[in-house]
Amino acid sequence: MESIPKFIELANGHVGQRGVVIPLLSLQSYIKPATFKHELYKSYFTFDNELVEHFKVFKTIKKFRGKYYLDNILFDIDKGVNTEKQLIENVRFFVEEELKNNWELPEEYIQVWFSGNGFHVVIPEIFGFEPSNELPAIVKGTLKHHFPIADAIYDGARLIRVGYSFNAKSGLFKTPISLRELFNNDIEKIKELASSVRTDYAHIPFESVEPYMQNMIIEPEKKDETNNRTKVKDDPSSIVTCVQRIYNEGAMQGSRHLKMLRMASSFRRHGVPMDGTIQMLVKWADTLEPYEVKRMVEDVYKHGYQYGCNDSIMKEYCDPKCIFYKRKDYTLEVFSAEEMEKKFLGFVRSDFSSTSFNLADMYNANDYWFYPGELAIVMGDTGLGKTAFVQNIVANLKNMSILFLSLEVHEILMFRRFIQIATGKSKDDVISHYKENTNTFSSTIKHIQIMSVAPEIKAINQLVAEMQPNIMIIDTTDMIEVEYVNGDIERTNKVINELKKIAQQQNIIIIAVHHINKESAKNGKIDIHSAKGSSNVYQKADKVIAIEGQRSMPKRTIYSLKARDESSFELIFNFDPVNFRFNQLG
């Protein structure tokens with residue numbers, strides 16, 4: 001052992017009050033008398049003076065890049081789900097069978113402590129571990145392999161309860177136990193010994209032991225022979241862990257292309273420029289032609305391919321530690337007159353042809369524009385075709401990207417109805433066509449993407465940020481999941497407030513299909529107060545559109561109840577249930 005000053009990290013008074021660095025030789029002075037009932041923990045490993053310098057900067061062991069030293073080996077055998085009787089039997093077996101019989105350790109090499117809940121078994125450092133920054137990983141690999149019965153407590157930040165200190169959970173003290181006491185006493189007698197600081201027995205310090213088990217050290221795997229190149233064994237962060245694991249695994253023949261699509265999609269979502277993604281994946285898939293990688297990445301960025309947690313490949317690499325991004329707060333902005341003038345100038349000179357639309361371009365009506373940042377509500381009684389009317393609108397907007405959250409109707413049925421609207425065909429015609437043909441009508445609605453799983457309201461903002469649609473349809477608002485609300489009114493308020501905020505923050509158009517209240521459904525008349533829930537619906541909405549009619553008759557009257565900056569309109573349609581089209585009359 002090198003004759004250099006050793007240091008340890010302490011947690012003094014509580015396991016969370018760590019970060020105290022002291023010389024190892026000073027440890028005894030921190031142990032309080034029994035009357036103090038003082039908790040005290042020390043680092044599993046010891047350190048040289050570099051630990052002192054490290055804590056001057058970082059205040060935590062996590063980023064330590066110096067050497068770890070191991071003076072003795074401590075095994076932790078905790079109670080876990082076992083009974084106390086099983087616990088002591090496990091310790092006896094470990095000492096007798098593992099250490100004495102299998103490893104042939106003499107009794108003077110074995111020291112047992114009762115920690116207050118479990119047992120610590122300490123032996124000399126017989127392996128001859130070399131001090132290094134990688135030592136915790138080497139110790140962990142070696143001891144987990146040879147002594148699986150003990151808990152794996154060998155990480156570099158591990159703290160261990162100091163001998164004779166107090167255990168607040170059990171009300172006992174960490175106490176030395178002789179081997180005779182271990183095998184002859186039951187757990188209650190051992191607890192009695194640990195009820196105070198013991199003075200009648202102490203372990204004798206180990207004499208210097210020359211390591212003799214060097215050939216039993218197990219080095220952690222550093223090399224992946226696949227493609228004969230070393231892989232960096234990164235510990236993935238909790239953000240999209242699956243993609244990090246795919247990248248770290250390296251390019252495997254047979255799945256390279258599929259995995260590249262997933263990685264490129266994830267990099268795009270998180271703002272990595274296309275050129276940066278190409279360079280990363282050219283290096284990753286170094287057995288492929290760079291041009292082929294470039295073409296695949298360009299396709300992902302052009303078409304905006306998305307792969308979620310239920311994707312077959314992403315699911316294969318799923319990790320419980322992974323989370324999605326937490327929702328970020330937005331700063332409040334206050335604009336001066338000059339700043340507002342610049343914004344207005346940019347607005348009036350903008351080309352809205354691909355981000356806004358005018359009902360007058362579809363129907364014989366006055367100008368009625370929908371602009372980015374607006375929330376529009378479409379409401380009417382059940383069975384009048386609210387969803388179909390919105391489908392008719394967005395089916396015509398082929399120059400815009402549409403995200404349709406169909407939360408009441410399955411995506412298969414929604415697809416068929418969209419095809420009927422786009423082609424004018426009946427249900428039977430579409431079904432007959434697809435029995436003999438494949439993928440010929442989908443091009444008519446290729447600007448539309450459908451999601452039929454009801455999201456939580458907080459997840460919608462992230463969904464929009466990733467998909468970047470021009471228009472998002474919510475069908476219907478009462479299908480959106482909301483946590484921690486009491487009653488329908490509070491729930492509706494939260495949904496409408498969040499949708500309005502998303503429309504403004506993401507600069508998109510949101511059209512939300514909303515039910516009417518019972519009174520309006522009963523008398524068949526809809527006004528601005530007919531929205532189910534609270535007045536917050538029409539107050540937050542920029543536009544409110546109503547649909548009236550009788551379910552047994554094809555005639556539908558569609559009119560505006562609110563528009564902040566547009567003239568009102570009233571249009572008469574025949575609704576054709578054969579092809580779900582709204583055909584304007586007059």
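1. Pocket terms first. On a 1 Å grid over the protein atoms alone, a pocket is an open set of points with protein on both sides within 12 Å along at least five of seven lines. A cavity is a set of points where a 1.4 Å probe fits but cannot get out, and lining residues have an atom within 4 Å of a point. Grid points are joined across faces, edges and corners, and a volume is the space filled by probe spheres set on the points.

2. Ground rules. This is a predicted model, in which local features need pLDDT of at least 70 and side-chain atom pairs count only at pLDDT 80 or more, while totals for chains, interfaces and linings use all residues. Residues are numbered from 1 along each chain as its sequence is written, and side-chain values use heavy atoms, with hydrogens and water left out.

3. The second largest pocket. Its space comes to about 1,400 Å³. The lining has 43 residues, and L24, D71, N72, V122 and F206 are the closest to the centre. By class, the lining holds 26 nonpolar, 8 polar and 9 charged residues. Here Ala, Val, Leu, Ile, Met, Phe, Trp, Tyr, Cys and Pro count as nonpolar, Asp, Glu, Lys and Arg as charged, and the others, Gly among them, as polar.

4. Strands in that lining. Helices (H or I, at least four residues) and strands (E, at least two) are DSSP runs, numbered from the N terminus. At least two lining residues come from each of β4 (72-77), β5 (111-114), β6 (119-124) and β7 (159-161). β4 gives the largest share, 3 residues.

5. The cavity. The structure holds 1 cavity of 30 Å³ or more. The largest cavity has a volume of about 50 Å³. Its lining consists of Y30, I31, K32, P33, A34, K37, H38, L40, Y164, S165, F166 and F173. These divide into 8 nonpolar, 2 polar and 2 charged.

6. The four-stranded sheet. Strands of a sheet pair through backbone hydrogen bonds, either parallel or antiparallel. Two strands count as paired if DSSP finds at least two bridges between them. Here 4 strands form an open sheet in the order β2-β1-β3-β7, with antiparallel pairing. β2 (18-23) and β7 stand at the edges with a single partner strand each, so one side of each has no neighbour in the sheet. The twist averages 40° from one strand to the next. Axes are lines fitted to C-alpha atoms, for helices over the stretch in contact, and angles run from 0 to 180 degrees between N-to-C directions. Helix α1 packs on this sheet, touching β1 and β2, and its direction makes about 45° with that of β1. Contact means heavy atoms within 4.5 Å.

7. β1 (residues 7-12) and β3 (residues 40-43) are joined by 3 antiparallel bridges. N12 has L40 of β3 as its bridge partner. Y41 stands opposite R161 in β7, and S43 has L159 as its bridge partner.

8. The nine-stranded sheet. 9 strands form an open sheet in the order β15-β14-β16-β17-β13-β18-β19-β20-β21, with mixed pairing. β15 (448-451) and β21 (581-584) are the edges; each has a single partner strand, so one side of each is left without a neighbour in the sheet. The average twist is 25° from one strand to the next. β20 (residues 570-576) and β21 run antiparallel, joined by 4 bridges. D576 stands opposite R581 in β21.

9. α15 (residues 457-467) lies across β14 (402-406), β15 and β16 (471-475), at about 150° to β14. α16 (residues 487-506) lies across β13 (375-380), β16 and β17 (509-515), at about 160° to β17.

10. Backbone points to check. Which bond joins D475 and T476? A cis peptide bond, with omega about 5°. T476 sits in the loop between β16 and α16. K59, in the loop between α1 (50-57) and β4, has a positive phi near 65°. E104, in the loop between α2 (84-102) and β5, has a positive phi near 55°. Buried means under 20% relative accessible area, exposed over 50%, partly exposed in between (1.4 Å probe, protein chains only). K59 is exposed at 59%, and E104 is exposed at 65%.

11. H146. Is H146 buried or exposed? Buried, because its relative accessible area is 15%. H146 belongs to helix α3 (residues 135-146). Leaving out residues up to four places away in sequence, H146 touches E98, W103, F127, M216 and I218.
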